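Please open the model in your viewer and keep the sequence panel at hand.

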Amino acid sequence: MPDVIAHERDELPGDNLPGESDRRLRYFMTIAALGSMSKAADELGISQPSLSRQISILEAYLGQPVFERTGRGVVLTSVGEELYWATASGFKLIDDAVAKVRDMNTAMRGSLKIAAVHTLTYYLLGDLVSVVAHEGHGANLQLMGRSSPEVVDLVASGKAELGFVYDSAVAVSGLTSIDLFEDEMCLIVRAEHESRDTVDIWNERQRLVVFPAHYALRKMLQHAKLDYVASAETDTVDAALEMVSAGMGTCLLPSRIPDRLLADYKLRKVAIAGPQLARKVVAIHKEGRRLSPLAALALGIAHRLSRRAPE
């Protein structure tokens, strides 16, 4: 039963008009739920005589009694039963609407810690944070870019409420995983030295700038049994792009990496011919724990952004 704030006051002219019915119906619902006039008065924070007077006015307006007094309290009359069930559905709609607005307001005032693999900060998380901040009306967000195992650990330990990672990294019990999109890879090359639109990476050894062995993108290469030699190793996308730009090799990155970022390094994307390298991006949170309103908002926005086509 929702909380009702009531104030005792003298009867005013016009109190018997339908406009006052909502307040009296709330009183009526409380009494019906508790089966006692005195308990309802305590619950509502008004005196029992005042509550009885309000119900008498309601009964006068209806022209029939809604309660029958017994030695143990009150019970609904047939008219009261009909009124109760007719009123309950309407008030539930109202109360649900109020609760939804209240939760939205809570989301606006809340804070949220998000952990994500480094690559996603270049093409998903920036837009996500921007939209959440706008729709959450300035909500406080903390974004942590980490390796795949670190993202999983942060969410599993409760240090981040929401995580975004490749599905291959989620091997921990107690986490819920929600599919977002397939992240297809492409080859990043120097624009001035590569004019092809597609390249066959399967039939010729690749000289690659790679990520550390525990990163999901490195594990993807090992799983695919790609023939390559690691020309350099780095743990950040920016450093990888710097090395490719310097002629130290090429690198494999998601095709959603923005073209404008590559242009700063005089690089471009080349599609992979033949079998595609891809990893599924998922959102993760602790299993069995209800998401905060702000986290639920962020997850919904992530679903919307995931439907965007790569640049």
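How many salt bridges does the count come to? The count comes to 8 salt bridges, a salt bridge being a side-chain nitrogen of Lys or Arg within 4 Å of a carboxyl oxygen of Asp or Glu. The model is predicted, so local features need pLDDT of at least 70 and side-chain atom pairs count only at pLDDT 80 or more, while totals for chains, interfaces and linings use all residues. Residues are numbered from 1 along each chain as its sequence is written, and side-chain values use heavy atoms, with hydrogens and water left out.

**First selection: Glu 59 and Arg 69**

The side chains of Glu 59 and Arg 69 form a salt bridge at 3.8 Å, N to O. Glu 59 belongs to helix α3 (residues 48-62) and Arg 69 to strand β1 (residues 67-70), so the pair ties together parts that are 10 residues apart in sequence. Helices (H or I, at least four residues) and strands (E, at least two) are DSSP runs, numbered from the N terminus. Glu 59 is buried, at 13% relative accessibility, whereas Arg 69 is partly exposed at 46%. Here buried means under 20% relative accessible area, exposed over 50%, and partly exposed in between (1.4 Å probe, protein chains only).

Select Arg 268 together with Asp 197; their side chains meet in a salt bridge of 3.6 Å, N to O. Arg 268 is in strand β11 and Asp 197 in the loop between β6 and β7 (198-199), so this pair links parts 71 residues apart in sequence. Asp 197 is exposed, with a relative accessible area of 59%.

Next, select Lys 269 and Asp 259, whose side chains form a salt bridge at 3.2 Å, N to O. Lys 269 lies in strand β11 and Asp 259 in helix α9, so parts 10 residues apart in sequence are tied together. Lys 269 is buried at 16% relative accessibility, and Asp 259 is partly exposed at 39%.

Select residues 237-245, helix α8, in which the buried residues are Val 237, Ala 240, Leu 241 and Val 244. Viewed down the axis of α8, these residues fall within an arc of 95 degrees (taken from the directions from the helix axis to the C-beta atoms), so they line one face of the helix. An α-helix has 3.6 residues a turn, so residues three or four places apart point the same way.

Now display the surroundings: the buried residues of α8 pack against β6 (175-190), β8 (206-210), β10 (251-254), α9 (259-264) and β11 (267-272), where contact means heavy atoms within 4.5 Å. Finally, select Gly 247, which follows α8 and has a positive phi, near 85 degrees.
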